Amino acid sequence: MQGLCVGNIPPNKNFPGLCLQDSPLGVRLTDHVTAFPAGIQAASTWNRALLRARGIAMGEEFRGKGVNVALGPMMNLGRVAQGGRNWEGFGADPFLAGESAYETILGLQKAGVQATAKHFIGNEQEHFRTQESSVIDDRTIHELYAHPFLRSVMAGVASVMCSYNLVNGTYACENDKILNDILKREFGFPGYVQSDWSATMSTLSAVKGLDMTMPGDITFNSGDSYFGGNLTAYVKEGHISEARLDDMAARIIAAWYFLKQDVDYPQTNFNTFNSSDNIHNLHLNVQGTHSALVREIGTKGIVLLKNEGRTLPLSEPHRIAVLGSDAGPSKNSPNAYPDRGGDEGILAMGWGSGTVNFPYLVTPLDALKDRALLDSTNVTFYLDDWDLKKAARAAVGQDVALVFINSDSGEDYITVDGNEGDRNNLTAWHNGDNLVKAVAAANHNTIVIVNSVGPLILEPWIDHPNVTAVVWAGIQGQEAGNSIADVLYGDYNPSGKLPYTIAKNPADYSAQVVTQRAGNSVVEIPYTEGLLIDYRHFDAEDITPRFEFGFGLSYTEFKYSNLAISEVPSQDDAEQDLISRWQSGQSSPMAQGSSVALWLHEPAFKVTFDVENTGSVPGTEIPQLYIHHPTDAGEPPSILKGFNNVEVDPGQTEQITITLSRYDLSIWDVAAQGWRKPTGTIKLSVGASSRDLRLRGVIPK
């Protein structure tokens with residue numbers, strides 16, 4: 001950590017070294033960069049093209065700053081709704097997270113930057129992250145937590161970062177099962193495994209699967225290392241083979257060549273930890289026109305949760321009240337708190353190493369004032385969350401009252417308002433629930449806008465008759481205010497869908513953050529819910545959520561029809577025996593790595609259907625495909641296995657095609673250590689959310 005970046009490989013002969021830099025939403029700890037929407041906002045778009053474009057744009061900025069290795073994307077699942085870093089990732093479903101990771105990596109690496117899939121695996125909470133053992137069964141690892149990393153390998157990811165926690169009693173960065181057996185053998189991963197910062201715990205145990213220790217020293221700036229001289233000594237003494245050392249180095253250098261970083265790659269032109277370094281801080285502006293993409297992703301990731309009597313979109317209201325601190329600026333600047341470790345004003349990203357410095361931040365109040373000039377609207381605002389009488393008074397007599405609330409979280413090295421990374425609860429911050437109720441009591445047309453890192457319990461006010469609309473804005477990056485205004489005024493018809501479930505009660509979720517332990521012992525976190533996280537659990541236990549996974553309203557309506565399912569001939573003629581075995585329900589061990597098992601991952605079934613816009617305005621729909629396995633397969637009732645986005649004009653119909661692979665229809669056979677088709681009939685449904693399923697069919701046998 002004594003170089004220009006958060007992680008540094010120094011030059012060695014003709015090799016110029018590597019610069020490794022956070023974060024999953026842009027280039028951290030430097031200037032003239034873009035504050036992109038977080039991963040959770042990008043996932044809320046359910047739009048592969050936007051996910052890819054975001055990856056490309058971020059890659060261009062990393063490259064422009066001379067960064068070789070971007071430390072993202074993050075793809076740990078939202079197993080617990082209060083998880084501090086959930087917002088860095090792509091939600092609570094492995095398929096959505098996997099597709100989001102796949103597109104992001106393709107984008108980053110198209111720009112010539114090495115991507116890093118992190119954190120492998122079981123890093124689903126911040127409390128005790130270096131002192132907890134995630135106890136996960138083999139089937140759950142394969143079907144849930146490892147899946148996004150498989151998709152990352154299929155995207156050609158250069159690096160995988162192992163996590164701080166233990167997995168089944170062994171530290172992730174020295175865990176032979178997950179690093180060698182699953183990642184390198186089953187998945188056929190040819191790149192290098194790097195540790196999270198100071199997550200290396202040994203030399204001999206770690207070197208079996210770990211290829212690069214970061215940031216190098218055992219503790220920050222200590223100058224010692226589990227690798228370095230120790231590694232050299234162990235090789236000379238014969239405890240570590242030269243072949244393994246060659247393998248470690250080859251994986252790292254291969255990634256450098258793979259991304260063509262050996263030819264005309266920009267030098268690092270900033271100094272992470274020394275802003276006064278005038279030699280290296282060249283202040284290169286790499287933002288380009290990326291602000292337009294930020295605004296688009298922010299807008300298309302907004303989820304409309306409630307819209308009674310077509311309250312929205314707004315149409316030239318005469319008088320509006322803008323209420324709540326989340327509508328306005330921070331008391332100082334958006335970068336006043338290091339690594340965004342504070343919650344003042346509009347919430348546009350969480351806190352921790354997954355952040356960047358804002359070049360600017362458009363607040364909702366800014367954007368609404370700009371719109372008011374166009375519409376000759378009078379704007380009243382009151383940004384104090386605690387003086388409820390004055391807030392209510394400001395709302396009286398207004399055509400519409402816009403109430404802004406938020407909820408924040410982040411990485412555990414920063415504690416904000418008593419929240420040690422993970423959120424202490426699922427209620428709105430800054431007296432938000434009481435603010436909504438007070439305003440709704442004073443104004444019959446109260447619209448609530450929520451900027452949040454994840455689910456909130458909305459029960460205190462969601463059914464209030466004067467709460468006419470709820471806009472789930474998420475966390476949108478530097479253009480947040482403009483994105484919100486675009487949806488409020490109908491410049492964009494909302495199309496975002498929830499990447500997690502919003503429950504009625506925190507206890508409705510199948511897993512909770514573990515916050516207590518005895519002494520300094522390693523805490524066991526049992527993943528006893530197995531495959532049943534988020535909507536899978538709600539479905540299995542027949543729990544009614546407030547808003548289900550995949551939910552999102554529009555200003556128009558869509559009709560689904562004409563479902564057809566057909567088989568796709570295999571392109572892998574050499575593996576017909578394996579295909580026949582799979583068809584009959586037999587397992588095929590993944591001895592050669594599933595990355596080369598074309599027969600398993602090629603399109604096997606084609607699903608087509610029509611989506612018609614039956615409303616009066618153009619809109620984008622996100623059709624979702626869910627698989628329903630036979631009961632005795634031991635799977636959740638519904639599993640997301642496909643989605644698409646389609647723009648449809650009023651009165652028009654578009655045909656959608658979603659393909660399914662044999663892998664998509666398989667379950668993990670623990671005994672045979674392979675993927676197999678469950679016996680019985682596999683059904684599927686297509687619809688607008690996990691509980692709004694419009695069309696049903698059966699996979700051909």
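**Notes on cavities and ring contacts**

1. Domain 1 (17–259) and domain 3 (556–698) each contribute at least three residues to the lining of the largest cavity, the domain bounds being taken from an automatic or database domain assignment. The model is predicted, so local features need pLDDT of at least 70 and side-chain atom pairs count only at pLDDT 80 or more, whereas totals for chains, interfaces and linings use all residues. Residues are numbered from 1 along each chain as its sequence is written, and side-chain values use heavy atoms, with hydrogens and water left out.

2. The volume of the largest cavity is about 140 Å³, and the whole structure holds 6 cavities of 30 Å³ or more. A cavity here is a set of points, on a 1 Å grid over the protein atoms alone, where a 1.4 Å probe fits but cannot get out, and lining residues have an atom within 4 Å of a point; points are joined across faces, edges and corners, and the volume is the space filled by probe spheres set on them.

3. Of the 13 residues lining the largest cavity, Glu-143, Arg-536, Ile-639, Lys-641 and Ser-666 are the closest to its centre. Strand S24 (639–643) and helix H3 (94–110) each supply at least two lining residues, and S24 gives the most, with 3; helices (H or I, at least four residues) and strands (E, at least two) are DSSP runs, numbered from the N terminus.

4. The second largest cavity, of about 100 Å³, is lined by 15 residues, of which Gly-78, Ala-81, Asn-86, Pro-455 and Tyr-500 are the closest to its centre. Because domain 1 (17–259) and domain 2 (291–499) both give residues to this lining, the second largest cavity lies between them.

5. Turning to the rings, there are 15 aromatic pairs, counted where the centres of Phe, Tyr or Trp rings (for Trp, the six-membered ring) lie within 6.5 Å, with planes under 30 degrees apart called stacked, over 60 edge-to-face and the rest tilted. Phe-15 and Trp-256 have ring centres 5.1 Å apart and planes at 90 degrees, so this pair is edge-to-face. Since Phe-15 lies in the loop between strands S1 (7–9) and S2 (18–21) and Trp-256 in helix H8 (residues 242–258), the pair ties together parts that are 241 residues apart in sequence.

6. The charged end of Arg-48 sits over the ring of Phe-643, 4.1 Å from its centre, the rule being that NZ of Lys or CZ of Arg is within 6 Å of the ring centre and within 35 degrees of the ring normal. Phe-643 also belongs to a cluster linked by ring pairs, together with Trp-46, Phe-95, Tyr-535, Phe-549 and Tyr-626.

Definitions and conventions: On a 1 Å grid over the protein atoms alone, a cavity is a set of points where a 1.4 Å probe fits but cannot get out, and a pocket is an open set with protein on both sides within 12 Å along at least five of seven lines; lining residues have an atom within 4 Å of a point.
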